[in-house]
Amino acid sequence: MQKIVVNGVDGNFGKLVAEYIQEMIPKSKLIFTAPKAAVLKQYAALGIETKVADFNSPSELAKVYAHVDKVLLISMPFVGAKRRQAHKNFVEACVKAGVRQVIYTSVLSAGNPFNPSIENADHGYTEAIIQNTDLDYIFLRNSLFAEAFISDYFRAVNNHENSIEKNMGDGRVWFISRQDAAYSAACALSDDQLHKEILNINGLEPFTYDDFLKVGNEVTGNQISYVKKTDQELYDYFDSIGVPRNTDGDFSKSPIQATSEGMVTFGTSVREGYLDVSVSDFYKLTGKEPTTVKYMFEHKDEFMLGERHTTEK
């Protein structure tokens, strides 16, 4: 086995993958990257090879990926043309460096051109450009992370709010933990049997948002209710409390560490049924059952969203 690269170990998701992969693959076979050198010192101290990865430069990235077997691309934490260009640079670098296989963290229904999520265009684009190369690949199409919704639930509780406004209607989501999604990425990196696979990384059961709140209320004893809103009503609400529309905005005073465009259009996707995908490959890939929503509420301190990481370099 040649070297395996985990990109983005400075991010919330990447940190988890870095933790899990050390239990699966010898440290001598690993390379961890981040946009800045400072965060890599802790891994270098463990004896893991580290490199700074500049996604704005395909030629420099190709040097980072030279003589490696597999590379994990964790989708960038910004949305739109900037992310698509960074992902394109990544793919070009992998091709130039002769990487064998790419593992990419995508989203459910990324291949559906009618999915209204603003995120979907970026993921569908990235999957397509990878498939139009000679690269082997594993696409991990993750469901919505429960951590985002659990964090929002406790934000409402802490602010003494009695309700949460969403535009998800009665659509269903098979919530997955970010921890489980990261574990599946580590498993994909350590697996040598999967080739040109598209895997749905889904939770155990479907939830409407009302169902989700009922679990939270039963576990915590709170009585948070669901107020259904239209897309525009939800945009107006997020604007009123200072949530940025996109990832170029200022999150320093935002009570929610997510963009309103992302949340609203994901809500539209849920309402219209695009994330009600019952097929899950999580057990097939990892050999274990995904964490339940009830367990996550019961252990809430382990399943909060955390701060955003939006830097490129």
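The model is predicted, so local features need pLDDT of at least 70 and side-chain atom pairs count only at pLDDT 80 or more, while totals for chains, interfaces and linings use all residues. Residues are numbered from 1 along each chain as its sequence is written, and side-chain values use heavy atoms, with hydrogens and water left out. Helices (H or I, at least four residues) and strands (E, at least two) are DSSP runs, numbered from the N terminus.

**Salt bridges**

- The structure holds 21 salt bridges, a salt bridge being a side-chain nitrogen of Lys or Arg within 4 Å of a carboxyl oxygen of Asp or Glu.
- One of them joins the side chains of Lys166 and Asp152, at 3.1 Å from N to O. This pair links distant parts of the chain, with Lys166 in strand β7 (residues 163-166) and Asp152 in helix α6 (residues 146-158), 14 residues apart.
- Both Lys166 and Asp152 are buried. Buried means under 20% relative accessible area, exposed means over 50%, and partly exposed lies in between (1.4 Å probe, protein chains only).
- Lys228 and Asp170 meet through their side chains in a salt bridge of 2.7 Å, N to O. Here Lys228 lies in strand β9 (residues 225-228) and Asp170 in the loop between β7 and α7 (178-190), 58 residues apart.
- Lys228 counts as partly exposed because its relative accessibility is 47%, whereas Asp170, at 55%, counts as exposed.
- Asp231 and Arg271 form a salt bridge whose closest N and O atoms are 2.9 Å apart. The pair connects helix α9 (residues 231-240), which holds Asp231, with helix α10 (residues 260-271), which holds Arg271; the two residues are 40 residues apart.
- Asp231 is partly exposed, with a relative accessible area of 22%, and Arg271 is partly exposed at 35% relative accessibility.
- A network of salt bridges links Asp69, Arg100, Asp136 and Asp192.

**Helix α6**

- With 13 residues, α6 reaches 18 Å from its first C-alpha to its last, close to the expected 18 Å. The expected span of a helix is 1.5 Å times one less than its number of residues.
- Helix α6 is mostly covered, as 10 of its 13 residues are buried. Among them are Phe149, Ile150, Tyr153 and Phe154, and also the charged residues Glu147, Asp152 and Arg155.
- The cover over the buried residues of α6 includes β7, α7, α8 (209-220), α9 and α12 (293-298), with contact meaning heavy atoms within 4.5 Å.

**Positive phi angles**

- Most residues other than glycine have a negative phi.
- His160, which follows α6, has a positive phi of about 60° although it is not a glycine. His160 sits in the loop between α6 and β7 and counts as exposed at 70% relative accessibility.
- Ser109, also not a glycine, has a positive phi of about 65°. Ser109 is found in the loop between β5 (101-107) and α5 (118-131), and it counts as buried because its relative accessibility is 15%.

**Cavity**

- A search of the whole structure finds 1 cavity of 30 Å³ or more. On a 1 Å grid over the protein atoms alone, a cavity is a set of points where a 1.4 Å probe fits but cannot get out, and lining residues have an atom within 4 Å of a point.
- The largest cavity has a volume of about 30 Å³, where a volume is the space filled by probe spheres set on the points.
- Its lining includes Phe175, Leu204, Glu205 and Thr291.

Terms used. 1 Å grid on protein atoms, 1.4 Å probe; cavity = no way out; pocket = protein on both sides within 12 Å on 5 of 7 lines; lining within 4 Å.
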